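Good morning, colleagues. Please have the sequence and the model open before you as I go through the main features.

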Amino acid sequence: MIKGTTKNLGVMGWPIAHSLSPVLQNAAIEEAGIDYVYISLPVPPEKLKEAVAGLRAMQFTGWNVTIPHKQAIMAELDAVDEDARIIGAVNTVVNRDGHLMGYNTDCIGFMQPLAQQGFSPKGKEATILGAGGAARAVIWGLLRAKVRRITLGVRNPAKATRLAEEFAAYGEIQVLHWEDGAFLDHLAMTDLLVNTTPLGMYPHVEGMPPVDWTKLKKDALVYDIIYTPERTRFLSEAQEHGHAIINGEGMLAGQGAAAFTLWTGVAPDLALMKRALREELASRQGK
């Protein structure tokens, strides 16, 4: 029950009606038995400054940030932590007595499923498909875990090279066109292959990045950060070729759980958050 003492949380974006964060976070709040509520916060880009000032004034405990505000909101905050600064994006804001601190928990969310799979990136070869905004937290998570080298497999090497240069101080990153022979040869050395593109996301489930599975290292782990559908064509083909796979639901729940702890000081039930996510996705897809 919402009371006068209830603390407010939310997710800011535009559009925002599709967001699964209220489902995840309110399920965790109810399970933890704490006096919070989490709502959607529709904020058009031109209203971002006013929205942040309003949430500060209304003493929101914190909120998540999604497209298109992850970069722009950084200028409206009092400080950002190191992960958010290096990644260049904020997905979580914490209000401590009017002081707004920005964090990026996408990095934590990405890394958790790898640890649960028993995969340590340290000293390994990682290949990331795509070089958009979603790739940034993945790159930083792997670099922080001391990966030996990251290869960006992309269709626009010029754009990817700019991204690689931003992270060059932290580790070795090379850029290859994903249809070049050099990229195909590199797949034979890859320990971890990650799709950060939207190719294959519902409803366009037939899409996938170009991968020659016969070239990929036999024991490579394959990870798709997409969570709808549960198993993309990319992951289905990987599994058919004998690879262990990870989908994006663990990353989504993991980043939400890390944000939850920053706001409340409570570690939520991660398994519950994953169940709530899967049930909501099934409901939306009429299953």
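This is a predicted model: local features need pLDDT of at least 70, side-chain atom pairs count only at pLDDT 80 or more; totals for chains, interfaces and linings use all residues.

Let me begin with the pockets. The largest pocket has a volume of about 1500 Å³, and 49 residues line it. Nearest its centre lie Ile-67, Lys-70, Ala-134, Met-201 and Ile-225. Which elements each supply at least two residues of this lining? They are strand β3 (62-65) together with helices α5, α6 (157-167), α9 (249-264) and α10 (270-284).

Among the residues that line it are Met-1, Lys-3, Ile-29, Glu-30, Asp-35 and Val-37. Two or more residues of that lining come from each of α1 (21-32) and β2 (36-42). The lining of the second largest pocket divides into six nonpolar, two polar and three charged residues.

I turn now to helix α5, which spans residues 133-144 and which I named as a contributor to the lining of the largest pocket. Nine of the 12 residues of α5 are buried, so the helix is largely enclosed by the rest of the structure. The buried residues include Arg-136, Trp-140 and Gly-141, along with Ala-135 and Leu-143. Just after α5, Lys-146 adopts a positive phi of about 70 degrees.

Next, the surface. Met-201, Tyr-202 and Val-205 make a nonpolar patch of about 250 Å². In the chain, Met-201 sits in the loop between β10 (192-195) and β11 (221-224).

Finally, the salt bridges. Side chains of opposite charge can pair when their charged atoms come close. The count here comes to 13 salt bridges, and I shall discuss three of them.

In one, the side chains of Asp-78 and Arg-56 meet at 2.8 Å, N to O. This pair links distant parts of the chain, with Asp-78 in the loop between β3 and β4 (79-80) and Arg-56 in helix α2 (residues 48-57), 22 residues apart. Asp-78 is partly exposed at a relative accessible area of 40%, and Arg-56 is partly exposed at 26%.

In another, Glu-172 and Arg-149 meet at 3.7 Å, N to O. Here the loop between α6 and β9 (173-177), which holds Glu-172, is linked to strand β8 (residues 149-154), which holds Arg-149.

Glu-249 lies in helix α9 and Arg-278 in helix α10, so the pair ties together parts that are 29 residues apart in sequence. Glu-249 is buried, with a relative accessible area of 16%.

To close, salt bridges that share partners join Glu-125, Arg-148, Arg-149 and Glu-172 into one network.

Note on methods: Residues are numbered from 1 along each chain as its sequence is written. Side-chain values use heavy atoms; hydrogens and water are left out. Buried means under 20% relative accessible area, exposed over 50%, partly exposed in between (1.4 Å probe, protein chains only). Helices (H or I, at least four residues) and strands (E, at least two) are DSSP runs, numbered from the N terminus. Patches are made of residues with over 30% relative accessible area and no salt bridge: like charges are joined within 9 Å, nonpolar side chains (Val, Leu, Ile, Met, Phe, Trp, Tyr) within 5 Å. Accessible areas come from the Shrake-Rupley method with a 1.4 Å probe; for residues, only the protein chains shown count as cover. A salt bridge is a side-chain nitrogen of Lys or Arg within 4 Å of a carboxyl oxygen of Asp or Glu. On a 1 Å grid over the protein atoms alone, a cavity is a set of points where a 1.4 Å probe fits but cannot get out, and a pocket is an open set with protein on both sides within 12 Å along at least five of seven lines; lining residues have an atom within 4 Å of a point. Grid points are joined across faces, edges and corners, and a volume is the space filled by probe spheres set on the points. Ala, Val, Leu, Ile, Met, Phe, Trp, Tyr, Cys and Pro count as nonpolar, Asp, Glu, Lys and Arg as charged, and the others, Gly among them, as polar.
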